[in-house]
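Visitor: Could you walk me through this one? I'd like to ask things as they come up.

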Amino acid sequence: MIFSFQEVHLRFKNKILFENLNFQFKGPGVIALLGPSGCGKSTLIRLLAGLQPPDSGLVQRPIGLKQGFIFQESHLLNWRNTFENVNLSLELKNLFNPEAVQKALKDVGLEDSSSLFPQELSGGMKMRASLARAFVLNPEVLFCDEPFAALDEVTRENLQKYLRDYILKSSRTCFFVTHHLSEALSVADEIYCFKKRGELDPEIFQVDRNQDSATQLASLKTKVRGSFL
Amino acid sequence: MTNRPFLILCVLIIISWEFFSALGFLPTSLFPPPHEVFNSFLETPLEWQDAFLQTAKATLAGHLISLSFGILAAFILILSTPLKNAFLPLAIFFQTVPIIAIAPLLVIYFGFGLPTVIAASAIVSFFPVLASFLLGLENIEKEKLELFQLYGASKWQILIKLRLPSAFLSLYSGLKVAIGLSIIGTVAGEFVAGGGLGSIIDSARTQQRVDRVFASLLLLALLGLVGLYLLKMIFLLIHKIRPYGSYSEEFR
């Protein structure tokens, strides 16, 4: 599965965000987009997901892809309970599969919370519902824009592990935006390090699961040195 | 449910008013004391009852018409930007022209009596319903809209499953304003077309019966309060079935 940028230009409020962007991503696996705030990671992922067109150039994506998107906020609809929120993605495609919804809820540990409304859920539970909503469609590619940023450390680590297991289990591709080095190491197979806005050639860091995390973290820190304030 | 500070304030106002009127500090011809206002009800209770019911009926009918047309218009305008750009200035025009100036025209079109009064009530309260509901339909979170677009939702699905529920609080706000305006429109219509509390105010003016004017105002205020209370109960009931209003303190 290949996603590529070809001569992509994008402006934002009369400022150049990307100019002559040319590189590609190869799935399956988890690809982290790491960089400081404002470097354009979220915009990159929106270009990849087709949510935003470039001003010029081409963003190549596999055709007919089943995709899911997980935002930083869960964006659950307050007037729908957990089951109905997770079912939303099926409903919008005129699909009817309550068993798939129940399974997705069970997979994220929310089977007992299906009748609760979002205002009755904790932050972690809302994010898990958001994950279930994305997973229920069985997406081939998942776009995650800092999905766990607002969560506590324990919940974050549990969900990172869950997400990684889900992606690797069925050879899916996941683009994961983060500005946490340790999170990138935890989740990803490959980390694209953007040091500044409009980085044309990000440094690519291959995560080695056989190496200890402290050594990898030190190497990654070296790569991104100077780019985070 | 009881608003104790408000009740205490009302009692204090009534007592102070009676006291200062009795001492001669308030001219009774301009500010009749509460007991005189109350006595005016007792003079002709059936007349007051009929007038109140007539005004209430006309207000309800006018409000329901403005609600129906306002919601329908908002639905049509949200689905078509060219139509919205064409018709919204017209709706604003209707809002800015004073109803007291339009009312004589309505008498020519609908004649004297209830149809004119209802038309006046509907015209005045139409715009707040349209404007508030349209605003609610338009103002949805960008990320929620993107989520729907990402899953291939049609324009109709976005309207019914996202925009409409999101507009609940906005519609409620608009209807609260519209209730008051409905009453204003009804009274303006009654000034020219006759009937209801409006005609009592008009005849009291010619007879210099300020107590009857105050009595009418009291009943109009009561009508407004009852309307707002019923509106809140309806929206609370809807919220209980589906928590559309969970973003608001009023519904928590």
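Guide: A term to start with: two strands are said to pair if DSSP finds at least two bridges between them. Strands (E, at least two residues) and helices (H or I, at least four residues) are themselves DSSP runs, numbered from the N terminus. This is a predicted model, in which local features need pLDDT of at least 70 and side-chain atom pairs count only at pLDDT 80 or more, whereas totals for chains, interfaces and linings use all residues; side-chain values use heavy atoms, with hydrogens and water left out. Residues are numbered from 1 along each chain as its sequence is written, and chains are lettered from A and ligands numbered from 1 in the order in which they are written.

Visitor: OK, strands then. What does E3(A) pair with in the parallel sense over six bridges?

Guide: Its partner there is strand E7 of chain A, residues 173-178. Within E7(A), A:Thr173 is the bridge partner of A:Gly29. E3(A) is also joined, by four bridges and again in parallel, to strand E8 of chain A, residues 190-193, where A:Ile191 is the bridge partner of A:Ala32.

Visitor: And how many residues of strand E3 of chain A are buried?

Guide: Six of the six residues in this strand, which spans 29-34, are buried, and that word means under 20% relative accessible area, with exposed being over 50% and partly exposed in between (1.4 Å probe, protein chains only). The cover extends to both faces, with A:Gly29, A:Ile31 and A:Leu33 buried on one side and A:Val30, A:Ala32 and A:Leu34 buried on the other.

Visitor: Switching to the interface: how many residues of chain A are in contact with chain B?

Guide: There are 26 residues of chain A in contact with 21 of chain B, contact being heavy atoms within 4.5 Å.

Visitor: What area do chain A and chain B bury between them?

Guide: About 2,100 Å², with 61% of it on carbon and sulfur atoms; buried area is the accessible area (1.4 Å probe) that two parts lose on being put together, summed over both. Of the area that chain A buries against chain B, 37% comes from A:His75, A:Trp79 and A:Leu92, more than from any other three residues.

Visitor: How many salt bridges are there between chain A and chain B?

Guide: Three salt bridges, where the term means a side-chain nitrogen of Lys or Arg within 4 Å of a carboxyl oxygen of Asp or Glu. One salt bridge joins B:Arg242 to A:Glu84, whose closest N and O atoms are 2.6 Å apart. The elements that give two or more residues to the side of chain A that touches chain B are helix H1 (41-49), strand E5 (67-70), helix H2 (82-92) and helix H4 (123-135) of chain A, and H2(A) gives the most to that side, with five residues.

Visitor: So is H2(A) largely enclosed or left open?

Guide: It is largely enclosed by the rest of the structure, because eight of its 11 residues are buried. Among those buried residues are A:Asn85, A:Leu88 and A:Leu92, and the buried set packs against helix H3 (98-107) and H4 of chain A, together with helix H7 (142-150) and helix H8 (155-166) of chain B. At the start of H2(A), a side-chain oxygen of A:Asn81 comes to within 3.2 Å of the backbone nitrogen of A:Phe83, and after the helix comes A:Asn94, with a positive phi near 55 degrees.

Visitor: Back to salt bridges, what's the count over all chains?

Guide: The count over all chains is 13 salt bridges. One of them pairs B:Arg209 with B:Glu43, at 3.1 Å between the closest N and O atoms. That pair links distant parts of the chain, 166 residues apart, with B:Arg209 in the loop between helix H10 (196-207) and helix H11 (210-241) of chain B and B:Glu43 in helix H2 (residues 34-43) of chain B.

Visitor: What does B:Arg212 form a salt bridge with?

Guide: Its partner is B:Glu47, the closest N and O atoms being 3.0 Å apart. B:Arg212 lies in helix H11 of chain B and B:Glu47 in helix H3 (residues 45-79) of chain B, so the pair ties together parts that are 165 residues apart in sequence. B:Arg212 is buried, at 7% relative accessible area, whereas B:Glu47 is partly exposed at 33%.

Visitor: And where do B:Glu141 and B:Lys144 come in?

Guide: Their side chains meet in a salt bridge, at 2.9 Å from N to O, with B:Glu141 partly exposed at 36% relative accessibility and B:Lys144 buried at 6%. Elsewhere, salt bridges that share partners join A:Arg80, A:Glu91 and B:Lys161 into one network.

Technical notes. Polar contact = N/O pair within 3.5 Å; in protein donor to acceptor, adjacent residues only side chain to side chain.
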